[in-house]
Amino acid sequence: MSQYNNDDSLKQNNESFEILDISATNSINDEILDAFYHRDMLLPVINATLDYIDGRINNGLVLPYFAEIDIELWQEKQKSLDIYITDATEGRELNLEARGKDYATNILSYPSDLPATIIDLMPTLALGELIICHDVIVREAAEQEKTVAQHISHLLTHGMLHLLGFDHELGQAEQDEMELFEIEVLAGLNLPNPYA
């Protein structure tokens, strides 16, 4: 496993985002990381998603995985996120282990699932880890006739929503809500509707 950006302090880029840790399996080389997963490319999407959710929270949105945490504390806490880039072989193994599905999927989300009492004591709020399968992202982007960067932006937003507790697999209402959030976050970044 190669370590690409370890514990980069990001306070200067966004007051609410503290640490972004990006690592990759050995088969993902630095050229791929620089071209598609450099923190300067991912941060605008991460920050836009968090800013959008903060706006929704101010209008009454409840975060499923953080419902027990004081909302002002959640909004004020510095956030951290781990991102791991993998290939189709390891992606398949991880998806089988996590979800019982024997194929590589585009993104897996592992929420931090920390109790509110622990979060209150921690200097940063760990959102969790996203595992991105680069091979699947590239294939799907070609199939959907979009750029790899656009697809990564969409799935990064999608994965972050999962880390907050939103789940499109719970039913049509949940799917519609999550898709609306994704469309609006991406529109704020001048990116097209990923579902159109």
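Q: What counts as a salt bridge here?
A: A side-chain nitrogen of Lys or Arg must lie within 4 Å of a carboxyl oxygen of Asp or Glu. The model is predicted. Under this rule there are four salt bridges.

Q: Why can such side chains pair at all?
A: Opposite charges can pair when the charged atoms come close. Take arginine 139 and glutamate 143: their side chains meet in a salt bridge, 3.4 Å from N to O.

Q: Where do arginine 139 and glutamate 143 lie?
A: Both are in helix α6, residues 134-143. They sit four residues apart, about one turn of the helix.

Q: Is glutamate 143 buried or exposed?
A: Exposed means over 50% relative accessible area. Glutamate 143 has 53%, so it counts as exposed. Arginine 139 has 41% and therefore counts as partly exposed.

Q: Which parts of the chain does the pair of glutamate 184 and arginine 56 link?
A: First the contact: glutamate 184 forms a salt bridge with arginine 56, with the closest N and O atoms 3.1 Å apart. This pair links distant parts of the chain. Glutamate 184 is in helix α8 (residues 172-188), arginine 56 is in helix α2 (residues 39-58), and they are 128 residues apart. Glutamate 184 is partly exposed at 35%. Arginine 56 is partly exposed at 27%.

Q: What about aspartate 40 and arginine 39?
A: Their side chains also meet in a salt bridge, at 3.9 Å from N to O. Buried means under 20% relative accessible area. Arginine 39 has 16%, so it is buried. Aspartate 40, at 48%, is partly exposed.

Q: Which residues form the negative surface patch?
A: Patch members need over 30% relative accessible area and no salt bridge. Here Asp70, Glu72, Glu76 and Asp120 form the patch. Glutamate 72 lies in helix α3, residues 71-76. Its relative accessibility is 51%, so glutamate 72 counts as exposed.

Q: Where are aspartate 113 and asparagine 190 found?
A: Aspartate 113 is in the loop between β4 (107-111) and α5 (116-121). Its relative accessibility is 70%, so aspartate 113 counts as exposed. Asparagine 190 lies in the segment after α8. With a relative accessible area of 71%, asparagine 190 is exposed.

Key. Residues numbered from 1 in each chain as written. Predicted model: local features only at pLDDT ≥ 70, side-chain atom pairs only at ≥ 80, totals over all residues. Heavy atoms only, no water. Patch = residues over 30% accessible without salt bridge, like charges linked within 9 Å, V, L, I, M, F, W, Y side chains within 5 Å. Areas by Shrake-Rupley, 256 points an atom, 1.4 Å probe, with all protein chains shown as cover. Lys, Arg positive; Asp, Glu negative; His and termini not counted. Charge placed at Lys NZ, Arg CZ, Asp CG, Glu CD. Helix = DSSP H or I, 4+ residues; strand = E, 2+ residues; numbered from the N terminus. Buried < 20%, exposed > 50% of the residue type's maximum accessible area, 1.4 Å probe, protein only.
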